[in-house]
Amino acid sequence: MANKIYPDAASALDGLLHDGMTIAAGGFGLCGIPERLIDAIVASGVTGLTVASNNAGIDNEGLGKLLRTRQIAKMISSYVGENKEFERQYLAGELEVEFCPQGTLAERMRAGGAGIPGFYTKTGVGTKVAEGKEVKSFDGEDYILERGIRADLAIIKGWKADEAGNLVFRKTARNFNAPAATCGRICVAEVEEIVPVGSLDPDAIHLPGVYVKRLVLGAPYDKKIEFRTVRSRETA
């Protein structure tokens, strides 16, 4: 069995990065994001990136780091409401943005990974999402054509993996990490724990190791809070 484990994120990405490439990134907000791999991409200096991800993190966290360094040229995203730098670059015409409904984005990644070049959906019909897209009628209802996403590289975050790259995601971190992994021509995963082959219950594996080409142990992690809301203590 080929050794998939690399000593750090930089070595796991060695030879995979180039200017103008497309990257599919897993995670949701600051939950389940490949922090170590993002930091390594920042340090690499590659530019002109197209990144497909549910969002772009927040200012100076997650993919927000790559926005701050101007390494991203285009975002394919669903939600960007917590990132002021994203907003500034978009309104200033410095960043190309392809807004995509959340479920459609997940399905575009899944379809790309399954070898499906496109699919029809009602989501977005009659809105700006449909502009420039083919519309076709099925049983008297209009649907728009959405293209599957195929990325040069997928970067994902898992909870636990065995040495063969079989992965388990924890709770909501499963949402975009699994489809992002499958749509990348090469998938690099960082995880919180690596265990020997045979340690994971086969029925509990969320992503088979055949999809994971390189693996890095990213722990320990600090739990980041995306948006903190507090109120004053009530007095008697």
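Modeller: The model is predicted. I start with N60, which is found in the loop between strand 3 and helix 3. N60 has a positive phi of about 70 degrees although it is not a glycine.

Colleague: Why does N60 count as partly exposed?

Modeller: The relative accessibility of N60 is 41%. Buried means under 20% and exposed means over 50%, with partly exposed in between. The value for N60 is 41%, so N60 counts as partly exposed.

Colleague: K171 also interests me. Where does K171 lie, and what is its phi?

Modeller: K171 lies in the loop between strand 10 (167-168) and helix 6 (174-183). Its phi is near 55 degrees, a positive value in a residue other than glycine.

Colleague: Why is K171 called exposed?

Modeller: Exposed begins over 50% relative accessible area. K171 has 66%, therefore K171 counts as exposed.

Colleague: Now the rings. How many aromatic pairs are found in the whole structure?

Modeller: The search finds three. One of them joins Y90 and F99.

Colleague: What makes Y90 and F99 a pair, and why is the pair called edge-to-face?

Modeller: Ring centres must lie within 6.5 Å for a pair, and planes over 60 degrees apart count as edge-to-face. For Y90 and F99 the centres are 5.8 Å apart and the planes are at 85 degrees, so both labels follow. Y90 is partly exposed, with a relative accessible area of 37%, and F99 is partly exposed at 37% as well.

Colleague: How do you know that F138 and Y143 are edge-to-face too?

Modeller: By the limits for ring pairs: the centres are 5.5 Å apart, within 6.5 Å, and the angle between the planes is 85 degrees, over 60. F138 and Y143 are therefore an edge-to-face pair. Both residues are partly exposed, F138 with a relative accessible area of 34% and Y143 with 22%. Together with Y120, F138 and Y143 form one aromatic cluster.

Colleague: What makes you say that a charge sits over the ring of Y143?

Modeller: The charged end of K122 is 5.3 Å from the ring centre. The limit on distance is 6 Å, and the direction must be within 35 degrees of the ring normal. K122 is listed as sitting over the ring of Y143. Another such case is K160, whose charged end sits over the ring of W159 at 4.6 Å from its centre.

Colleague: Which residue stands opposite K136?

Modeller: K136 faces Y143, a residue of strand 8.

Colleague: Why are strand 7 and strand 8 said to pair?

Modeller: At least two bridges are needed. Strand 7 and strand 8 (residues 141-147) have four, in the antiparallel sense, so they pair. They belong to an open sheet of three strands in the order 6-8-7.

Colleague: Which strands are at the edges of this sheet?

Modeller: The edge strands are strand 6 (118-121) and strand 7 (135-138), each of which pairs on one side only. Helix 5 (residues 102-113) lies across strand 6 and strand 8 and runs at about 150 degrees to strand 6.

Notes. Residues are numbered from 1 along each chain as its sequence is written. This is a predicted model: local features need pLDDT of at least 70, side-chain atom pairs count only at pLDDT 80 or more; totals for chains, interfaces and linings use all residues. Side-chain values use heavy atoms; hydrogens and water are left out. Helices (H or I, at least four residues) and strands (E, at least two) are DSSP runs, numbered from the N terminus. Contact means heavy atoms within 4.5 Å. Axes are lines fitted to C-alpha atoms, for helices over the stretch in contact, and angles run from 0 to 180 degrees between N-to-C directions. Buried means under 20% relative accessible area, exposed over 50%, partly exposed in between (1.4 Å probe, protein chains only). Rings of Phe, Tyr and Trp (its six-membered ring) pair if their centres lie within 6.5 Å; planes under 30 degrees apart count as stacked, over 60 as edge-to-face and the rest as tilted.
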